[in-house]
Amino acid sequence: MRILLAEDDDALREMLALSLRRHGHQVDEATDGFAAEEALRGNGCDLLVLDLGMPRLDGVQLLRRMRARHDPTPVLVLTARDAVDERVLGLKLGADDYMTKPFALPELEARVEALIRRAAGGLTQVTLGTLRMALSDRQVWADGQPLELSAREAEILEQLMRKAGQVVIKSRIAQRLSDDGNAPSDNTIEVYIHRLRRKIEPAGVRIRTIHGLGYLLHADEPEA
Amino acid sequence: MPMSPRPERHSTLRQRLVLRLLGPILLLTVLWGWAMHTIVLHFAGQAYDLALEDTAQTLAAQLRAERGVATVDLPDAARQMLVFDREDRIFFAVLSPQNEILIANALLPAPPTGHDASESLFYDGTLDTLELRLVESVIPVGADGAVYRVRIAETLHKRETLARKVLQAVLVAQVLFLAAAGLLMSKGVGHGIAPLQRVSQAIARRGQHDLSPIDEQRLPAEVFAQVHVINDLMRRLGEAFVAQRRFIADAAHQLRTPITVLHTQAQLALLSRDEADLRDAVRKIDGGAARLARLANQLLNLSRAEAAQVQRFDPVAIDPRALIEDIVALQVPLALQRGIEVSVELPPQLPAVPGNHDLLGEALANVVDNAIRYTPAGGRVVVSAQAEAHRLCIRVTDSGPGIDTGDYEMALRPFQRGATAPGGGSGLGLAIANEVVAAHRGRLDLSPAPGRSGLMVTFELRVVHED
């Protein structure tokens, strides 16, 4: 993927470029807004990683001009400013995602991947451990063997797999399952989870119960 | 001379006071002049009336009774003396009991009412077009007591002249009085409000950093109260400035330590010869940078929470369930990583809370984060909520070492880390939560976790009134 990195701080830009290249992306660098704009008009890119505070033409102006000429390139905004007000501004101007400095590199990688994927038309499957789910029909394989899941079980598993490592809140699982406005009860959800556990845990994943809150799916790694 | 801005549309205090006082005084003066005028005319009239009565008595003395028939002997000289007056014309008439005229120089009108012999009756009347003041005396004559009447009348010229002169004198006196009163009032009011001007000049002369109190000596009670309030504000502003400076100094100090650590670690990394040592050092640098990042974020959060107390935000109704679930869910991975069990206990119904979503979320996240960091592996963190009489209480209970009850107050202040604090905390979490809750006009309460070691942090928040 071709990524344009517009950042005026040399140390940060070089580091980010190094990291992105290491993940197999082709990276063009720009040190100010005008250079970035030139690169956009020239070669173009699949994703623009844009620092808001740049000299000459700053990120906010660049973004505004891009969107004014209907440039659809996805934009990931970086800023050192306070998140709350600028997030609103950035998203209003048409940024697709937003990160506040300082941030961790893995986080940046994840966001970049997500944006590129979204631009390419989204995910086709999700995997965790040896578990794999095709999103088109929610068919699940464990270690290459198809798993028999009910429609509801598969729906819940998709939610858990999409947010693997994070808590999926129980009441929201129920809300998403309600087809006619009647959300299934907590007990019903518990029954589904119970069945899911029996079916998927042999594949090396765990559903943890967070009492009063929800569930968290993670790979069954040797844990500390 | 210091500039005193005084836009046109503001009437001065002096103008307002003088105008307020002058109106009633003008009214009183007019009433007082009218009363003076009336009183003077009354007594002067009485004096003229007495003179008129004297004339009547003189004429009455000329009545002679002979065998029951009275006659008036009025020689020419006497008659001339009788009607002589420097300004007015005098008329007289003497009437028999049968109302026959014994002697007269005019047909004088009868009094409007009857009266007995003991006293004279004064009345007003007209003769042709002349306005007259009259007196009638009743004179019993002879043994059978036949009653004769003597009437004397005079025109009103000297009375009117007197009235005019009295009026003029009173008016002149009043104008002088009003002028003097106005002048004195203006001066007096000016003197009275001079302390106000002194105070405003004293404030105008100040530099922006001079927050010392204004001199409260020799001020009248009303101004003293105002100045006292201003001084109180100055004192609090001064304290806020000091706190701000201390905060910046503390913040710089807090940043300095992890930066020094980073620096040292980087230098160690440069010295390390083997790959494993290098990786270890770099991992430590990464951890130090993460702590530094967290600290910077916390500082921003704290300043935002403090600003929220000064600049009020527009509160929206917040669903506490969604807020708690979202915030705790984000913290669970950290808890699991540290081997801590997190659970949430919420009743089915919770009242909405008016507030700012980001600030409250930040506050709760900080307290939960603290609880997780301070609790040793294998411990528990419980987040619960309960509606209690116009309040919503959100409680975060941990099974960590807790805080000594004597240190609670200190724990809510920025940069104060308890004796039990592990490394890595910024010492700002509780301070941020405290500021946020204060900005929501609620209370943050610390107490020992019930039934075990550990800390319980209670957010007491006002609820949205249902009406």
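This report describes the sheets, the chain contacts and the salt bridges of a predicted model.

**The parallel sheet of chain A**

Chain A holds an open sheet of five strands with parallel pairing, in the order S2-S1-S3-S4-S5. Strand S2 (26-30) and strand S5 (97-100) of chain A stand at the edges with a single partner strand each, so one side of each has no neighbour in the sheet. From one strand to the next, the twist averages 20°.

Within this sheet, strand S3 (residues 47-51) and strand S4 (residues 75-79) of chain A run parallel and are joined by four bridges. Leu50(A) stands opposite Val77(A) in S4(A). Helix H1 (residues 10-22) of chain A lies across strand S1 (2-6), S2 and S4 of chain A. The angle between helix H1 of chain A and S2(A) is about 165°.

**The antiparallel sheet of chain B**

In chain B, an open sheet of five strands is ordered S4-S3-S7-S6-S5, and the pairing is antiparallel. Its edge strands are strand S4 (101-104) and strand S5 (121-127) of chain B, each of which pairs on one side only. The twist here averages 25° from one strand to the next.

Strand S3 (residues 90-95) of chain B pairs with S4(B) in the antiparallel sense over three bridges. Leu95(B) has Ile101(B) in S4(B) as its bridge partner.

**Strand pairs compared in one table**

| Strand pair | Sense | Bridges | Residue pair |
|---|---|---|---|
| S3(A) and S4(A) | parallel | four | Leu50(A) and Val77(A) |
| S3(B) and S4(B) | antiparallel | three | Leu95(B) and Ile101(B) |
| S11(A) and S12(A) | antiparallel | six | Thr209(A) and Tyr215(A) |

**The hairpin of chain A**

Six bridges hold S11(A) and strand S12 (residues 214-219) of chain A in an antiparallel pair. In S12(A), Tyr215(A) is the bridge partner of Thr209(A). The two strands, S11(A) and S12(A), form a hairpin with three residues between them. Gly212(A), in the turn, has a positive phi of about 80°.

**Where chain A meets chain B**

Contact between the chains involves 14 residues of chain A and 16 residues of chain B. About 1400 Å² is buried between chain A and chain B, with 60% of it on carbon and sulfur atoms.

Two salt bridges are counted between chain A and chain B. Glu325(B) forms a salt bridge with Arg172(A), and their closest N and O atoms are 3.6 Å apart. On the side of chain A that touches chain B, at least two residues each come from strand S10 (167-169), helix H7 (170-177) and strand S11 (205-210) of chain A. The residues on that side of chain A divide into seven nonpolar, four polar and three charged.

**Salt bridges over the whole structure**

Over all chains, the structure holds 41 salt bridges. One of them links Glu37(A) with Arg69(A), whose closest N and O atoms are 3.0 Å apart. Glu37(A) lies in helix H2 (residues 33-41) of chain A, and Arg69(A) lies in the loop between helix H3 (59-68) and S4 of chain A, so the pair ties together parts that are 32 residues apart in sequence.

Note on methods:
Residues are numbered from 1 along each chain as its sequence is written. Chains are lettered from A and ligands numbered from 1 in the order in which they are written. This is a predicted model: local features need pLDDT of at least 70, side-chain atom pairs count only at pLDDT 80 or more; totals for chains, interfaces and linings use all residues. Side-chain values use heavy atoms; hydrogens and water are left out. Two strands pair if DSSP finds at least two bridges between them. Axes are lines fitted to C-alpha atoms, for helices over the stretch in contact, and angles run from 0 to 180 degrees between N-to-C directions. Contact means heavy atoms within 4.5 Å. Buried area is the accessible area (1.4 Å probe) that two parts lose on being put together, summed over both. A salt bridge is a side-chain nitrogen of Lys or Arg within 4 Å of a carboxyl oxygen of Asp or Glu. Ala, Val, Leu, Ile, Met, Phe, Trp, Tyr, Cys and Pro count as nonpolar, Asp, Glu, Lys and Arg as charged, and the others, Gly among them, as polar.
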